[in-house]
Amino acid sequence: MSKNIALKALSLAVCVGLSSNAFAEGNTLVLEDLAKEKLAQQSQVDQQAQIIQETNAKLEKQRAQFQKLFAKAYTTYSNIPEGMLESLAFVATRWEHRMPDGEENHLGMPQTYGLFGLYDSEANGFTNTLGMIANAYGVDQQAMIDDLETYVMATAAFIEREVVDNALQGKSIESYRPVLAKLSGIPTDNSINQYATNSFVFDAFNVLERGYDDHGINIKNRPVQWQKAFTKDELKLLRAKGLFINADTGEISLKGEDVEPKASATKKDSEQGESLKADDGSESNYTISSTDYPPALWVTSPNYSARNDTISHVAIHTMQGSYSGSISWFQNPSSSASAHYMVRSSDGQVTQMVRESNKAWHARTANPYTIGIEHEGYVSNPAWYTDAMYNSSADITSHICSKYSVNCGNAYSGSAHSGVVTLSQTYTVKGHQHYPDQTHTDPGINWNWSKYANLVNGGSGGGTPSTTILDSFESSEGHFNLAPAYSGSTVGISTSSTAVRTTSIAKNGTGSEQILLVDDAASSANWSVRFLSGSGSPSNNTSMTVANGRVGFWVYSGGTGLTAAVAVDDGSGTERSISRTIPASTWTFLQWNLDDASQWNAWYGSANGQLDSSTVTLDAIWFYRAQTSYNVYVYIDDVQHSVN
């Protein structure tokens, strides 16, 4: 029996007033019960993983056909830039040919058809993109719905026509922004819809730049010159963790700050306010003040009512649609639907649409006492539920629990469900499908409740007051000033692989290290990359205390399948750690305990698989991946050593 389970049992005995002797006499039954509980929890985790694996396997088979049709479309319509069809399918459906007949119409939002997420009517403000493309191709909408090849070729033909009509032939990918915007189906009749459209296009360019390679989704990365695609101000909004949009004025501020005209600002509006500055440094006509949740974007929805009940629960939803489309839908009075918060799949950006103090319209009879969080995607496809989304959403829920004394320890952590399953009200955080008097089945069978509950109640890795940042990449590359292929121990990648400091993406501050891994075409070897610190010399690196010490870093990967490890120099040689998985498209903190021998293996010299010295130095960060022809971008930030 594990030490942790025994300690948990002893704590339980103390809590109920048992003496240590009584515990000693009866601990066998307690330990057995705890062991059964542990096994049951692990069984739920395993079952959920199996469900997601089976769903991905089914989708992967379909995606092989998509790739063949993309290739045919590019051959037939040569003016479409490579990767555009793949990225459009990714941002719209995560490569799922959806036919929504009989599927849930979440909160009345119009559903989309097929691989590219096309709307089939002009109702409620969305463009009938399915009809628009069918008419241009000379077929009816049903013909596109019934036949996948017709659907793909008709869409490609429409894109080709738009390219020619707008004289975009041969121009850079950024010039295709208006084409992607048109295919989003979102109108641009007001500032909110314009932002929603921009968000759709941003996601399409984002996946093109980073690439994607997982479960049959293959998108080769290509450079994107963002300053050609969007203005500086637009990029600030699109890349922000959260923003505030005033629906009445159309004004937007960063970091969840509220914008109100000075002339009409009330005392409540202007509390903690400060003047906004225009680009030329002059003072604008607006002041800013904090919203409920500072990382959130604030888009006022007209669809809410007064709340008279105490907030006691959090309702988890899946949008059954895109983040961009849902922003447009929830600010539309005719939708009669809303949620407090919405979370974008690709990076976890948060939009707040209803004040917490008000009642959003998202869960029928549960509206008065719940706060609703909507997540981008469809219940049928686990690709939408990224780590970035889970982490961002869990932060919102933790905030709610802290602010309103909701017991997050009672968040549901059991098996996911495909239908409506009413759970006890003792579960304070649960799905739309789990509340009384519901007909909707979100977030569905692919939502990982065990993972989410753990995030809500746990903490993330990172620095502490006793942390030393070895390399922050704020002003230089620091110790990492060599190419990833420099070491003779590196195999599988080309010498054209690069490592440069960048300010295009960072976990903390403004800089990170961008590592481009390019396959060695002359080799079929799997990638094993020794990215040296201090040129691999102990004398060039900072000493790290082993006792109670940890070494780690933040990492972001544009592709899947990567793992990472670290190597350290001690008195007996170079020891290399066990490897850890790098999730795609989210910042993740990886860390290793320096004084835990189970995390270290012998590698070079007289290494023995454990750290014998009282201090060590970092030799390198290692990256591993199965051989692939795709380029992979990896970013690292805040390489650090901490001591308890």
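Trainee: How does Arg161 count by relative accessibility: buried, exposed or partly exposed?

Mentor: The model is predicted: local features need pLDDT of at least 70, side-chain atom pairs count only at pLDDT 80 or more, and totals for chains, interfaces and linings use all residues. Residues are numbered from 1 along each chain as its sequence is written, and side-chain values use heavy atoms, without hydrogens and water. Buried means under 20% relative accessible area, exposed over 50%, partly exposed in between (1.4 Å probe, protein chains only). Arg161 has 39% relative accessibility, so the label is partly exposed.

Trainee: Which residue forms a salt bridge with Arg161, the closest N and O atoms being 3.7 Å apart?

Mentor: A salt bridge puts a side-chain nitrogen of Lys or Arg within 4 Å of a carboxyl oxygen of Asp or Glu. Arg161 also belongs to a network of salt bridges with Asp165 and Lys182 among its members. At 3.7 Å, the partner is Glu162.

Trainee: How many residues apart in sequence are the parts that Glu149 and Lys72 tie together?

Mentor: Their side chains meet in a salt bridge, 2.3 Å from N to O. Helices are DSSP runs (H or I, at least four residues), numbered from the N terminus. Glu149 lies in helix H6 and Lys72 in helix H2, so the separation is 77 residues.

Trainee: Which residue does the disulfide join to Cys401?

Mentor: A disulfide is a pair of cysteine sulfur atoms within 2.5 Å. Cys401 is buried, at 8%. The S to S distance is 1.7 Å, and the partner is Cys408.

Methods: Helix = DSSP H or I, 4+ residues; strand = E, 2+ residues; numbered from the N terminus.
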